[in-house]
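Trainee: Could you take me through a close look at one part of this model, the surroundings of the ligand? I'd like to see how that part connects to the rest of the chain.

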Amino acid sequence: KAEPLVLGIESSCDETGVGIVRGTRLLANEVASSMEEHVRFGGVIPEIAARGHLEAFTPTLRRALDTAGVSLDEVDAIAVTSGPGLAGALMVGLSAAKGLAMAADKPLYGINHLVAHVAVGLLDTAEGQVQSLPPNTGALLVSGGHTEILRVGSLTDDVQLLGSTIDDAAGEAYDKTARLLGLGYPGGPAIDAAAVDGDPKAFRFPRGLTMPKFEGSAENPGKHRHNWSFSGLKTAVARAVEQFEKAGQPVPVADIAASFQEAVVDVLTSKAVRACQEHGITTLLLGGGVAANRRLRQLLGDRCASAGIELIIPPVKLCTDNGAMVAALGAQLVAAGASPSSLGIPADSSLP
Ligand code: KG4
Ligand code: ZN
């Protein structure tokens, strides 16, 4: 049987994404973003994001179909992010998807955005590509709203949480720290770039939840052995900035950015790799917007190699929000024979 041709639609935040895949083959990935309109507010404004999707959706869909060289009639299924995300933004993509599904008489699949960030690693564009999910697979999901280490038994119905942040998400820490450093919004790419000229050892910022009372031992694990905390790190950066300002000295932005990034990436990777080792995970998928970070890709690569863990990393373009990841998970659902969603499927902004 031919592999399913799936159209994926993403609209949970500021990116309007339409992607097309055939099984694990990427055919098109078109993304429009309203980010420029949010920059002056220092964060995504839900109403503006929703209006952005409304304006960008049809042209983005057109481009994706043209790039893939397919017509809507040929598509086997339509997949759309149903949550989590901004409710109004989700509703635009969902409404568009429902209209298309009804008009073209195609099954509709509501997609969990977070699982889609993991599923994109199965596309043929990823480093260390696998055709299907190997046994003992885990995922490190790092985005603006989530930081989680997961065991992924099946992308369709078996994802188990091993650990997560207890406060800020990694991307949120990047965004808040960038604001403190006057680097603007979104903070992840800004800190990634600023850190290039900085010394990652200039400041020793805290690695949250690494004390023995939180971590325990492999035999007798503490409550937070596989959890992260990034709020103390943000406070430490604020204090460092304050000290320079009080002394009337220029803030060493590059050094602070590099040291902050080193703290985040060090604790993210060390805890993720240890969680894999202690849960028998031998293949790790990296996903989410922060997976675009160059230092994270490098250090996780090194540490997985030392631990004998196979690491799968999607290309940078597929790490931040896009439609291809939604289509990728949709294709997995179709191939697994999952039932389509009802055309009444709601937007679930807090989908776990
Ligand atoms: O997955 P995503 O595109 O949207 C959410 O679902 O949250 O992730 C966005 C997050 C933002 O916090 C952004 O600052 C961060 O990903 N990000 C990065 C980089 N590119 C994006 N963080 C660190 N380094 C980057 N290069
Ligand atoms: Zn995302």
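Mentor: Happy to, and let's start with V142, which counts as buried because 32 C-beta neighbours lie inside 10 Å and the cut-off is 20 or more. Keep in mind as we go that this is a predicted model. V142 has its place in strand β6. Apart from residues within four places in sequence, V142 is in contact with T147, A170, G171, L268, G288, V290 and A291.

L141 is in β6 too, a strand that covers residues 137–142. L141 has 25 C-beta neighbours inside 10 Å, so this residue also counts as buried. With sequence neighbours within four places set aside, the contacts of L141 are L114, H117, V118, H146, E148, L150, G287 and G288.

Under "binding site", an unreviewed UniProt entry lists L141, V142, S143, G144, G145, D175, G188, D192 and N293.

Now to the ligand itself. There are 19 residues around ligand 1, and G144, G171, G188, G289 and N293 come nearest. The most comes from α6, with 4 residues. Sorted by class, the shell around ligand 1 holds 10 polar, 6 nonpolar and 3 charged residues. On the way from α5 to α6 there is a loop that contains P186, and the peptide bond from Y185 to P186 is cis, with omega near -5°.

Beyond α6, have a look at L209, in the loop between α6 and α7 (212–215). L209 is not a glycine, yet its phi is positive, about 60°. This residue is buried, because 24 other C-beta atoms lie within 10 Å of its own.

Next, step back to the domains. The assignment divides the chain into domain 1 (5–123 + 319–335) and domain 2 (137–313). Their C-alpha centres lie 27 Å apart, and the contact takes 17 residues from domain 1 and 19 residues from domain 2. On the side of domain 1 that touches domain 2, α4 (113–119) and α12 (323–335) give two or more residues each, and the largest share, 5 residues, comes from α4. By class, that side of domain 1 has 10 nonpolar, 6 polar and 1 charged residues.

To finish, a helix elsewhere in the chain, α3, is worth a look. Helix α3 (residues 87–104) has 18 residues, which should span 26 Å at 1.5 Å a residue; the end C-alpha atoms are 25 Å apart, so the two values agree. Its buried residues are A89, L90, V92, G93, L94, A96, A97 and A101. They pack against β1 (5–10), α2 (46–68), β4 (77–83) and β5 (108–112).

In the loop between β4 and α3 sits P84, and a cis peptide bond with omega of about -10° joins G83 and P84. In the loop between α3 and β5 you will find D105, a residue other than glycine whose phi is positive, near 55°. D105 is exposed, because 7 other C-beta atoms lie within 10 Å.

Notes:
Residues numbered from 1 in each chain as written. Chains lettered and ligands numbered in written order. Predicted model: local features only at pLDDT ≥ 70, side-chain atom pairs only at ≥ 80, totals over all residues. Near = placed C-beta within 6 Å. Nonpolar A, V, L, I, M, F, W, Y, C, P; charged D, E, K, R; others polar. UniProt positions renumbered as here; feature names shortened; annotations may be inferred. Buried ≥ 20, exposed ≤ 12 C-beta atoms within 10 Å, placed from the backbone. Contact = placed C-beta atoms within 7 Å. Domains from an automatic or database assignment. Expected span 1.5 Å × (residues − 1).
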